[in-house]
Amino acid sequence: MEKQEQRQRLLENLIYLIIWVVIWISPVLEHKYNGETINWNDIFRAWKIIAPFFILFIINNYALIPLLLIRKKSWLYLLFTALTVCLIFALNPFMKLKRPDNPDKWPPREFRMERPPMNERIHQFPDRKELPRQPEHPPMWRMPGMISPMVNHILIAILVLGLNVAIKFLFKSIRDEHRMKELEKHTLQTELEYLKHQINPHFFMNTLNNIHALIDLDTEKAKETVLELSKMMRYVLYDAALPTLPLEKEIRFLNNYVGLMKLRYTDQVDIRISLPEEVPNIQIPPLLFISFLENAFKHGISYQQKSFIHLCMEIKENELECLVVNSSFNNAGEQHKGIGLENVKKRLRLLYDNNYTLDIQSEKNEYRVLLIIPIQL
């Protein structure tokens with residue numbers, strides 16, 4: 001973020017540099033364009049007029065705006081800006097404002113017309129070029145004294161200040177927007193990490209309960225289960241810490257989890273899984289589907305009645321579909337409000353915004369969860 005802001009400040013100063021270079025060389029270019037010989041006295045005189053506006057820009061850009069205007073001290077900014085303008089033009093030794101000549105000194109306009117003889121009036125007319133050129137009076141709209149030049153200078157100063165403030169706040173808004181995006185991104189990443197880490201103790205607790213039940217039933221299977229658990233926990237603690245993982249690893253993790261659950265339940269529970277045989281090399285966020293399976297095994301199995309859990313995962317065009325269907329025994333409300341499911345909903349909103357489908361249906365004897373997420377093949 002700091003490098004981005006440095007590039008933006010460099011670009012802002014580059015714009016100022018280009019504008020002022022054009023302004024400073026404009027007197028020279030004007031002589032070149034008119035085909036005149038460069039008169040350095042005229043150019044120096046023009047530069048003396050430009051100098052106070054440049055000094056005003058420097059003070060405004062690097063002192064008044066950062067210290068007052070950006071800190072929302074608008075009244076102080078207006079006060080010090082007005083004082084700066086007055087001081088620069090009042091103490092400027094290069095800008096001497098002269099009074100225009102007194103209109104009373106201009107000679108009165110003379111108009112004479114010689115009358116030709118009567119017999120020549122019709123055929124002879126005086127040549128206009130031979131008429132004496134009369135001196136022109138100064139424009140009557142010219143403002144007396146120093147008012148008119150001062151007004152022009154103030155208007156130019158306002159233009160310089162306004163353009164400076166506009167450019168400064170344009171780049172400030174760009175930097176603020178960039179900072180907000182970075183802050184939102186950081187907040188989302190922090191929340192995602194928090195939600196992801198919530199899965200670890202939840203999953204670990206459920207698996208330990210399964211191992212505890214196996215110890216009394218079959219000690220050897222319990223030992224095998226501990227080994228499988230270590231592999232799965234390695235995936236949860238280390239691999240799943242990455243933002244995305246290959247789909248193949250996620251499928252292998254789901255297979256291991258289902259195999260671990262099968263050790264606990266008898267054949268009375270119908271457990272079926274259908275996963276893609278050929279898994280493309282695509283990346284997905286880790287641990288998106290395990291919560292659905294955990295809820296299915298936790299709420300969809302009864303030792304008194306026949307139970308089933310079906311998992312089907314398919315890849316269709318640019319989408320990955322995962323369907324989990326399990327038997328329901330009047331506890332669908334608890335399954336719908338599970339901690340793991342709420343966790344997944346939050347993660348999906350943060351990861352995909354509205355570009356996903358999560359359809360949950362609870363019927364009398366069946367509970368269905370369909371998740372569709374976009375993928376890039």
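The side chains of K316 and E314 meet in a salt bridge, with 3.5 Å from N to O. This is one of nine salt bridges counted in the chain, and the model they come from is predicted. The chain has 377 residues, of which 33% count as buried, and its secondary structure consists of nine helices and seven strands.

**Salt bridges around K316**

- K316 also meets E321 in a salt bridge between side chains, again with 3.5 Å from N to O.
- K316 is partly exposed, because its relative accessible area is 41%.
- E314 has a relative accessible area of 34% and is therefore partly exposed.
- E321 has a relative accessibility of 17%, so this residue counts as buried.

- K168 and E12 form a salt bridge through their side chains, at 3.1 Å from N to O.
- This pair links distant parts of the chain, since K168 lies in helix α4 and E12 in helix α1, 156 residues apart.
- Both K168 and E12 are buried.
- A network of salt bridges links E12, K168 and R175.
- Side chains of opposite charge can pair when their charged atoms come close.

**N164 in helix α4**

- N164 is located in helix α4, which covers residues 147-217.
- The relative accessibility of N164 is 2%, so N164 counts as buried.
- The side chain of N164 makes a polar contact of 2.9 Å with the side chain of N61.
- With neighbours within four places in sequence left aside, the contacts of N164 are Y16, F57, N60, N61 and I65.

- V28 is buried because its relative accessible area is 18%, and buried means under 20%.
- L29, at 46% relative accessibility, lies between the 20% and 50% limits and therefore counts as partly exposed.
- V28 touches I38, I43 and W47, not counting residues up to four places away in sequence.
- The C-alpha atoms of V28 and F44 are 10.0 Å apart in space, while the two residues are 16 apart in sequence.
- A nonpolar surface patch is formed by L11, L14, L17, I18, V21, V22, I25 and L29, which together have about 690 Å² of accessible area.

**Nonpolar cores**

- The largest nonpolar core contains 43 residues, and those with the most contacts inside it are F253, F289, L293, F297, M313, L320 and I373.
- At least two residues of this core come from each of α5 (219-237), α6 (247-262), β2 (269-274), α7 (290-299), β4 (307-316), β5 (319-327), α9 (339-352) and β7 (366-374).
- Helix α6 supplies the largest share of this core, with eight residues.
- I373 is in contact with L288, F289, N318, E319, L320, L348 and Y352, leaving aside neighbours within four places in sequence.
- A second, separate core has 14 residues, including L56, F57, I88 and I167.

**Whole chain**

- Among contacts with a separation of 6 or more, 74% are between residues 24 or more positions apart.
- The chain has an accessible surface of about 25600 Å², and carbon and sulfur atoms account for 59% of this surface.

Terms used
Residues are numbered from 1 along each chain as its sequence is written. This is a predicted model: local features need pLDDT of at least 70, side-chain atom pairs count only at pLDDT 80 or more; totals for chains, interfaces and linings use all residues. Side-chain values use heavy atoms; hydrogens and water are left out. Helices (H or I, at least four residues) and strands (E, at least two) are DSSP runs, numbered from the N terminus. Buried means under 20% relative accessible area, exposed over 50%, partly exposed in between (1.4 Å probe, protein chains only). Contact means heavy atoms within 4.5 Å. Accessible areas come from the Shrake-Rupley method with a 1.4 Å probe; for residues, only the protein chains shown count as cover. A nonpolar core is a set of buried Ala, Val, Leu, Ile, Met, Phe, Trp, Tyr and Cys residues joined through side-chain atoms within 4.5 Å. Patches are made of residues with over 30% relative accessible area and no salt bridge: like charges are joined within 9 Å, nonpolar side chains (Val, Leu, Ile, Met, Phe, Trp, Tyr) within 5 Å. A salt bridge is a side-chain nitrogen of Lys or Arg within 4 Å of a carboxyl oxygen of Asp or Glu. A polar contact is a pair of N or O atoms within 3.5 Å; within protein, one must be able to donate a hydrogen and the other to accept it, and residues adjacent in sequence count only if both atoms are side-chain atoms.
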